[in-house]
Every structure is written in structure tokens, then in C-alpha cells.
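Here are some notes to read alongside the structure. Please keep the model open and find each element as it comes up.

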Protein chains: 2
Amino acid sequence: MTIKDIAREAGVSTATISRVLNSSGYVSPEVKHHVQEVIRKFNYQPNAIARSLKQEKSRSVGIVLPDMANPYFMRISRTIQHRCFQEGYHLLFMDTEENPEKESEALQFLLEKRIEALILASTGGNLEQIQSISDSGTHVILLDRRFPDLALDTVSEDNRSAAKCAIAYLVDKHHERIGLVNGPQTISTAHERREGALIGLEEAGIAIAPDLLYEGDYTRESGIAAIRHFYQLEKPPTAVFSANNEMTFGIYLGLQELGVPLDALEVVSFGDLEFSSLFTHRLSAIKQQPQALGEAIGELLIQRLNGGVGEARDQQIVIPSLIPF
Amino acid sequence: MTIKDIAREAGVSTATISRVLNSSGYVSPEVKHHVQEVIRKFNYQPNAIARSLKQEKSRSVGIVLPDMANPYFMRISRTIQHRCFQEGYHLLFMDTEENPEKESEALQFLLEKRIEALILASTGGNLEQIQSISDSGTHVILLDRRFPDLALDTVSEDNRSAAKCAIAYLVDKHHERIGLVNGPQTISTAHERREGALIGLEEAGIAIAPDLLYEGDYTRESGIAAIRHFYQLEKPPTAVFSANNEMTFGIYLGLQELGVPLDALEVVSFGDLEFSSLFTHRLSAIKQQPQALGEAIGELLIQRLNGGVGEARDQQIVIPSLIPF
DNA sequence: TTGTAGGCGTTATCAA
DNA sequence: TTGATAACGCCTACAA
């Protein structure tokens, strides 16, 4: 069923059908009514692809993530998806598995699909490509991870402040030997969390012991490794700040492995563990706000798609808050 | 940049460009080489929308889920997405929030986008619409939840067998008062798990006490409610089979609320809780296999898209396995 | 081996 | 108020 078939059935021209479909131009009430009848009768659905071609608008948005099974990213995405659906856009999801090559292929693929906008939590491995996508007129919004070299719209959380608070919290509880389990420093979130933590220590007048800085990579395994490292020190830390939830999980697995009671160590985790409410141990968490992030991105996205140009803005919209155990 | 521009730049016709792009028809090595040069030089990317219109193939697949932030569904989806990407297809995700009306709108939306196939974990509220989508030629694959009325391709897990095993496991440990926390019986997974559990009890010669059957709805809250119910009985159960992980979580929250030690109750959960390895309590889980499901769906999908018609098959591909605590 | 031209299903510009 | 028609960018007979 095409618009031509409907036109023939209704005894009018395709132009009239199009006008009815899009409520554009003038069409007499009687004709309009009749056309709608015919449309209903044949259960006609306009072809969005043809429409896209004609209007040179795909009404699609690409979203490229390092891990589609990560609830944090998916809570953000879900919110964006709802907003997009409302506005008649659809999302093309791509999973890079944190691999720059896959990211590059995904971007190429999406360009051929003529996405109107790109939402991206980048691996950081394709910055020139990303810049050129933006230059060629596709709206780009960076998600979660910042790349200051890029001068693109960015929506992220205020990692630095939150990390600083985490340390202040531990200092307040009289900890002096505080271990830091960091993420990969090429990713802005990890970098900023580390920076915030270091500032926090400095403000508390605590000297930074290199032994207590463990460079992890956001994986569970590196949490385990951090604990192995800390507990072979002469004086293990009495508290630990972990830069993400996966590593926090690893920290507890590590303690378990070493036979250390899980509440022997006070922990603050950037990003909550779902089950922390069942835990009786001394685990506090910085609660992230994926939904707020998703809303901000959705809002900005629609604004950009509707032609609101303006300067690229680097928004750190949420200050994640610390939930004591 | 369109194919015409490239043709002009290369001094050949659009047909030749098209032939080079698609490696179809004959084109002399020199011309081919030259054309490729020009394409590279101008960084030309063919317009997938125009191609779709002409070929009457959108190369897109719709995937409709009750919850995009649920890691179980997303692990399945991620696997499917990878397979689709390999084959040049892209996925359009829709989140229904378990709401039949949203599901219906989402299906309508996807039809206008001319998806070639639909993957669906349905709410069950739009069965006629789904059947008509299949009838009109769009491949449909039902995911996770079965609807025997529909005679459509279905890929799910063998809930019945797994639930039966769970009960056998508890019986083996000499439990005689076993509580059942069920899911919403309109969803096949819940229905089948309940059925399997009842068969297990029957085979063990244990009479089914109505007091020990709690009808929940797959939410955390109903897990809590189940515990409140069980612990007001004269003789609470000594073990519980929980039909999904959210309710299992609720069960522990409920125990915590009542001040009952978490290891006072032996629990088998359909679907693992991520943190169960940190738990010292008597929690066993039936481990689901989202990746295997995703692979099976991806395989079937590509087969259908490539014209493999054949009978609709109802595959229960995985027998989830029980992991003792 | 390459080119010409028509059409995929829409929308939008003119005329009528 | 409505209709005829030319695009949109690509593919593909059919010709040459």
C-alpha cells in the first residue's frame, strides 16, 4: 500500500493524501474525512524511508556506548529513548566494548545511515573522526566522558566535587591512611575522580603516600588486585576510595579471598552497588544520577535537532551525592 | 556529496559508480581504481536511506523490550546487536515499560520505519497486532516469553525443567516446608516456573500447602510482601523458591526488615543476584544464559532475513543450570 | 565494458 | 481547494 494506491482508492491526488497525512496546506473537511476513512480502511502506513529521503531528514539518532549491558548507561539511554520517541526520532544503538576500532566502524556505519545526531560515550580513540562528524553538520553530544580538546556539547557528572566529598567524609571519620583505587587515566571520569580525591587529601593535610594509590582499570579484577596490593603493605589502609562500582565489587572479592572480614575496611565507592542496602559492612556510596543525565541530554538533543545552534556547552549537570552506610 | 557528484568528478556515469560500490556488474580495473580514488578523495559515503528506498529493504530490525535497563535483556540484545552489525543491519530499540499501550505505539512506529524483522519480549497485550505484523510479511521472533497462541518463532529458556530441578535440590536437602514466590501468571516465564516447581513438589510427594504459594509480580516489593506473609504463618517455610531475582532481592530485604538472620532461610532464586558470591548465606541460583539466547536469536534472525522461511519454531534452547551456594 | 533513463514512495512547487 | 509533476539518491534493465 503506497500513497498512490490510497489516492486512487479515494479518488483524489497523492498531493491531497500527503496534505491530510501531514496536516499541511488546505484540504476541505469532506475530502479530509473521506481520505482518513480510506487510510483506515486499508490500514495504510506511510513509508518513513521515502519520507526521509524526500525531506533529507532521517529522524534517527546514533548512540554509541562502551557497554550496552551496563545499567548505568542503559538508564541514561532509556530516558533518552523515551524523549526521542515522543519527538518521532529513533535511536540506533552501537556497542563498542571499549574498543576504539569498533567505535570507528560504528561511527562510519551510522554516518551512512544519515543520523541527524550522535550521542557518544567515547573510548577516546577517534577524536579526529568525531570532530569531523561534528564539522560536517551532525550534532554531537558527548556523554559521561569529557574530551576538552573537542569543543563539543558535553553532559557529564561533577566527578571532581563528588570525589572530594568522599575523601572529606573519610577524613571526618578520622581515617588517615586512605587508599585510592583509580580508573584508567585516559578516561576523563577516572581522571577527575582521582584529581578530586587528591585535592580532598591535600585539603585535609594528609600527605599522599604512593603506596596507597593503586592504578586500576575500572574492572572487577583490578579491585581484587588493589586489595592484594594494599594488604601486603606493612600498614594497610584503614579506608579506601574506589573510583567505580565494579572495582568496589572487586575489593570485597579481594577481602574475601584474603580471609579479611568484609567490615574490616571502610569503603566509599563512586557508584552504588545494588545490594549495598543488604550489606552490614562499612560501605558508603556516591549515588550517580543516570536519569537526570538522560533528561539533560534528551533536552539538549531536541533543542539541537530543532535548530537551536548556539555555542557548544560543557555541562556538568549533576553533583552526585554521597549516601553513608 | 551524492553519487552524481562522484560520477562527474570521476568522469564516468552514476551506473559505474554504483557498480564499483556494490561490486556488481563489470567495470574495468583502471576505471574501478580511479573511481575508488575519487570516492576516497571526497570521503563519499553512500546514502543508506536512498539505497533502502530503491531496494525496498530497510536493513533495520526492531527490538521491543519491557525494560531497557534490565541487564538480562540487554545482555541478550548486545549479542544480537553485534550479529546484526556484522550483517549490515541496525537495531531500533523500544522500551515498553511493561505497558501494553506503549508496546502498541512502539510497534506502529516501527512499522512505519519499515523494519524487516521484529524481536519482541511482549507484554502479552497486543497479540492480534503482533500476529498481523507477522502475516504482513515482517519476520517476528518472540524473545524469552512464549505465546503459544501465536505460532511464531520463539526463543526462550526451559523454565519448567529448571524450576523442577530447583525444587529437587531443596528436597534433597531435606526441606519439607518449601515456600513458592511466583511471578505474574500471565507471563509465560512465570507460569512455567510455577508449573515446574509444582511438578517438583508432586514428584517428591510433598503436598502443596496453599499458604506456601505466594503470588507475586516479579517486583522487589512483592518479595518483601512474600516474606511478611510467610513469617506470620504458624510454621514458616524452611526454604523458598523465588521465581526471579528481583523478588529474591525483596526476600532478603524482607528478612532484614523483620530482623530475621539472612541465613535462617534457604533460598533458590531463578536468576542470579550479582552479589551472591559475596553472600555467605544459603542462597543458590539458577543461572540464566542471556548470551546463549542472544546467539540463538541472532542466528535465527539472519536465517529468516536471508529468506530461510520454513516453519515457525518454538525453541527452548537453554536449560538454565543451578549453582549451589 | 559503460551509459541512459526510469522508478522506489514521498513531499513540495506550481498551476489551475 | 486540489492536481500534476519534479525532485530526493540510488540501483538496474536495457542499450550502446
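1. Start with strand 5 of chain B, which runs parallel to strand 11 (residues 314-318) of chain B and is joined to strand 11 by four bridges. One place to check the pairing is B:Glu157, whose bridge partner in strand 11 of chain B is B:Val318. Note that this is a predicted model.

2. Strand 5 of chain B also pairs with strand 4 (residues 139-143) of chain B; these two run parallel and share three bridges. Here B:Ile141 stands opposite B:Asp153 of strand 5 of chain B.

3. Is strand 5 of chain B mostly covered or mostly open? Strand 5 of chain B, residues 153-157, is mostly covered, with five of its five residues buried. In a regular strand, side chains alternate between the two faces of the sheet. Accordingly, look at the directions: B:Asp153, B:Val155 and B:Glu157 point one way, B:Thr154 and B:Ser156 point the other way, and all are buried.

4. Chain B has an open sheet of six strands, in the order 7-6-8-9-10-12 and with mixed pairing. Strand 7 (213-215) and strand 12 (321-323) of chain B are at the edges with a single partner strand each, so one side of each has no neighbour in the sheet. On average, neighbouring strands are turned by 15 degrees against each other, direction ignored.

5. Within this sheet, strand 9 (residues 266-270) and strand 10 (residues 283-287) of chain B pair in the parallel sense over four bridges. B:Val268 is found opposite B:Ser284 of strand 10 of chain B. Helix 9 (residues 188-203) of chain B lies across strand 6 (178-182), strand 8 (239-242) and strand 9 of chain B, and runs at about 165 degrees to strand 6 of chain B.

6. Chain A has an open sheet with six strands in the order 7-6-8-9-10-12, and its pairing is mixed. Strand 6 (residues 178-182) and strand 8 (residues 239-242) of chain A run parallel and are joined by four bridges, with A:Ile178 opposite A:Ala239 of strand 8 of chain A. Helix 9 (residues 188-203) of chain A packs on the sheet and touches strand 6, strand 8 and strand 9 (266-270) of chain A. Helix 10 (residues 220-230) of chain A lies across strand 6, strand 7 and strand 8 of chain A, at about 150 degrees to strand 6 of chain A.

7. How are the two chains related? Chain B is superposed on chain A by a rotation of 180 degrees with 0.0 Å of shift along the axis, at an RMSD of 0.1 Å. The two copies are thus related as by a two-fold rotation axis.

8. Next, the contact between the chains: 35 residues of chain B are in contact with 35 residues of chain A. Helix 5 of chain B gives the largest share of chain B's side, eight residues. That side divides into 19 nonpolar, nine polar and seven charged residues. The copies meet through the same surface, because 97% of the interface residues of chain B are also interface residues in chain A.

9. Finally, which residues are closest to DNA strand D? Of the 28 residues that surround DNA strand D, the closest are A:Ser13, A:Ala15, B:Thr2, B:Ile3 and B:Asn47. Helix 2 (14-22) and helix 4 (48-55) of chain A, with helix 2 (14-22) and helix 4 (48-55) of chain B, each give two or more residues to this surface. By type, the surface near DNA strand D has twelve nonpolar, twelve polar and four charged residues.

Note on methods: Residues numbered from 1 in each chain as written. Chains lettered and ligands numbered in written order. Predicted model: local features only at pLDDT ≥ 70, side-chain atom pairs only at ≥ 80, totals over all residues. Least-squares fit on C-alpha atoms with pLDDT ≥ 70 in both. Contact = placed C-beta atoms within 7 Å. Buried ≥ 20, exposed ≤ 12 C-beta atoms within 10 Å, placed from the backbone. Pairing = 2+ DSSP bridges. Near = placed C-beta within 6 Å. Nonpolar A, V, L, I, M, F, W, Y, C, P; charged D, E, K, R; others polar. Axes fitted to C-alpha atoms, helices over the stretch in contact; angles between N-to-C directions.
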